[in-house]
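Let's take a friendly walk through this model, from its surface to its core and its charged side chains. Have a look at the sequence and the coordinates first.

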Amino acid sequence: MLDEYFARIRAHRNNIHRYRRLLKSNLSDVERQFIEKRLTEEQTALESLSAETFPLAFGLRKGGGHAGELGAEPRTTGGLIC
């Protein structure tokens with residue numbers, strides 16, 4: 001089951017990279033709009049799948065940290081650690 005999630009995540013990441021590479025090429029306005037829309041859809045799908053697969057998320061600390069710290073702290077929502 002986890003292998004399926006990883007395969008889907010990998011497919012979305014590959015699509016995102018492909019769309020970003022295409023956006024660097026010479027495209028018509030219609031082609032560019034289509035690719036941008038697909039890129040947004042793939043990014044949304046990847047974020048959703050990642051949140052489903054890895055429900056515990058860590059945010060990066062702002063302002064750096066001290067030596068020996070991991071540089072991440074749990075994100076909280078309404079007093080609950082998510």
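Leu2, Phe6 and Phe54 make a nonpolar surface patch of about 280 Å². Patches take residues with over 30% relative accessible area and no salt bridge; nonpolar side chains (Val, Leu, Ile, Met, Phe, Trp, Tyr) are joined within 5 Å, and like charges within 9 Å. The areas come from the Shrake-Rupley method with a 1.4 Å probe, and for residues only the protein chains shown count as cover. Phe6 belongs to helix 1 and is partly exposed, at 33% relative accessibility. On this scale, buried means under 20% relative accessible area, exposed over 50%, and partly exposed in between (1.4 Å probe, protein chains only).

## How the model is read

This is a predicted model, in which local features need pLDDT of at least 70 and side-chain atom pairs count only at pLDDT 80 or more, while totals for chains, interfaces and linings use all residues. Residues are numbered from 1 along each chain as its sequence is written, and side-chain values use heavy atoms, leaving out hydrogens and water.

## The nonpolar core

Which residues make up the largest nonpolar core? Ten do: Tyr5, Ile9, Ile16, Tyr19, Leu23, Leu27, Ile35, Leu39, Leu46 and Leu49. Such a core is a set of buried Ala, Val, Leu, Ile, Met, Phe, Trp, Tyr and Cys residues joined through side-chain atoms within 4.5 Å. Helix 1 (2-23) and helix 2 (29-53) each supply at least two of its residues, and helix 1 gives the most, with five. Helices here are DSSP runs (H or I, at least four residues), numbered from the N terminus.

Leaving aside neighbours within four places in sequence, Leu49 is in contact (heavy atoms within 4.5 Å) with Tyr5, Arg8, Ile9 and His12.

His12 lies in helix 1 and is buried, with a relative accessible area of 17%. Its side chain makes a polar contact with that of Glu42 at 2.5 Å; the term covers a pair of N or O atoms within 3.5 Å, where, within protein, one must be able to donate a hydrogen and the other to accept it, and residues adjacent in sequence count only if both atoms are side-chain atoms.

A salt bridge needs a side-chain nitrogen of Lys or Arg within 4 Å of a carboxyl oxygen of Asp or Glu. Arg38 pairs with Glu41 at 2.5 Å (N to O) and with Glu42 at 3.1 Å (N to O).
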